[in-house]
Amino acid sequence: MGDPPPSHAPLTDADIRRVARLARLAIPQSRLAALRAELAAVLGYVERLREIDLAGVEPMAHGGADSGGANRLDEDLPGPTLPLGTLLRLAPDPLPPFIRVPRVLGEEGSA
């Protein structure tokens with residue numbers, strides 16, 4: 001993966017903070033430079049993919065060659081669960097018998 005093409009403006013700390021906010025991630029100042037480089041590499045790779053000549057390539061409805069022309073979905077069966085006490089001990093902010101989670105509805109950028 002390379003750097004983004006020169007036609008794109010370099011990523012700024014503000015860009016990284018905005019992506020982190022949209023992803024609901026807390027990014028310490030000390031990680032901004034490393035994350036900026038990683039995101040630039042990902043965007044550079046996407047640009048390389050856009051340059052691939054796809055003339056004559058038929059679109060696919062699915063990627064599995066062995067699926068016989070249909071999407072394969074496993075039956076949705078419940079599996080083993082954690083005991084409530086274990087789950088509450090692992091939760092960062094328990095409110096027995098519930099787990100408190102950050103509010104997401106009604107905030108800027110939520111659907």
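Residues are numbered from 1 along each chain as its sequence is written. Because the model is predicted, local features need pLDDT of at least 70 and side-chain atom pairs count only at pLDDT 80 or more, while totals for chains, interfaces and linings use all residues; side-chain values use heavy atoms, without hydrogens and water.

**Exercise 1. Describe the secondary structure and the burial of the protein chain.**

Step 1. Take helices as DSSP runs of H or I with at least four residues, and strands as runs of E with at least two, numbered from the N terminus. The protein chain then has three helices and two strands. Read from the N terminus, their order is α-α-α-β-β.

Step 2. Sort residues by relative accessible area: buried is under 20%, exposed is over 50%, and partly exposed lies in between (1.4 Å probe, protein chains only). The protein chain has 111 residues, of which 8% count as buried.

Step 3. Count contacts, meaning heavy atoms within 4.5 Å. Of the contacts between residues at least 6 apart in sequence, 43% join residues at least 24 apart.

**Exercise 2. Determine how α1 and α2 pack, and which residues meet.**

Step 1. The angle between α1 and α2 is about 85 degrees, and their axes are 10 Å apart.

Step 2. Classify the angle: under 35 degrees is roughly parallel, over 145 roughly antiparallel, 65 to 115 roughly perpendicular, and the rest oblique. The two helices, α1 and α2, are therefore roughly perpendicular.

Step 3. List the residues. From α1 come D13, I16, R17 and V19, which meet L32, L35, R36 and L39 of α2. The contact of α1 with α2 divides into five nonpolar, no polar and three charged residues. Here Ala, Val, Leu, Ile, Met, Phe, Trp, Tyr, Cys and Pro are nonpolar, Asp, Glu, Lys and Arg are charged, and the others, Gly among them, are polar.

Step 4. Follow L39, which sits in helix α2. At 24% relative accessibility, L39 is partly exposed. Apart from neighbours within four places in sequence, L39 contacts L11, I16 and V19. L11 is 28 residues from L39 along the chain, with 8.4 Å between their C-alpha atoms.

**Exercise 3. Find the salt bridges and state how accessible their residues are.**

Step 1. Apply the cut-off: a side-chain nitrogen of Lys or Arg within 4 Å of a carboxyl oxygen of Asp or Glu. The whole structure holds three salt bridges. Side chains of opposite charge can pair when their charged atoms come close.

Step 2. D13 and R36 form a salt bridge with an N to O distance of 2.1 Å. This pair links distant parts of the chain, with D13 in helix α1 and R36 in helix α2, 23 residues apart. D13 is partly exposed at 24%, and R36 is partly exposed at 25%.

Step 3. R50 and E47 form a salt bridge in which the closest N and O atoms are 2.8 Å apart. Because R50 and E47 are three residues apart in helix α2, about one helical turn separates them. R50 is exposed at 62%, whereas E47 is buried at 15%.

Step 4. D93 and R100 form a salt bridge at 2.9 Å, N to O. D93 is partly exposed at 33%, and R100 is partly exposed at 44%.

Note on methods: Axes are lines fitted to C-alpha atoms, for helices over the stretch in contact, and angles run from 0 to 180 degrees between N-to-C directions.
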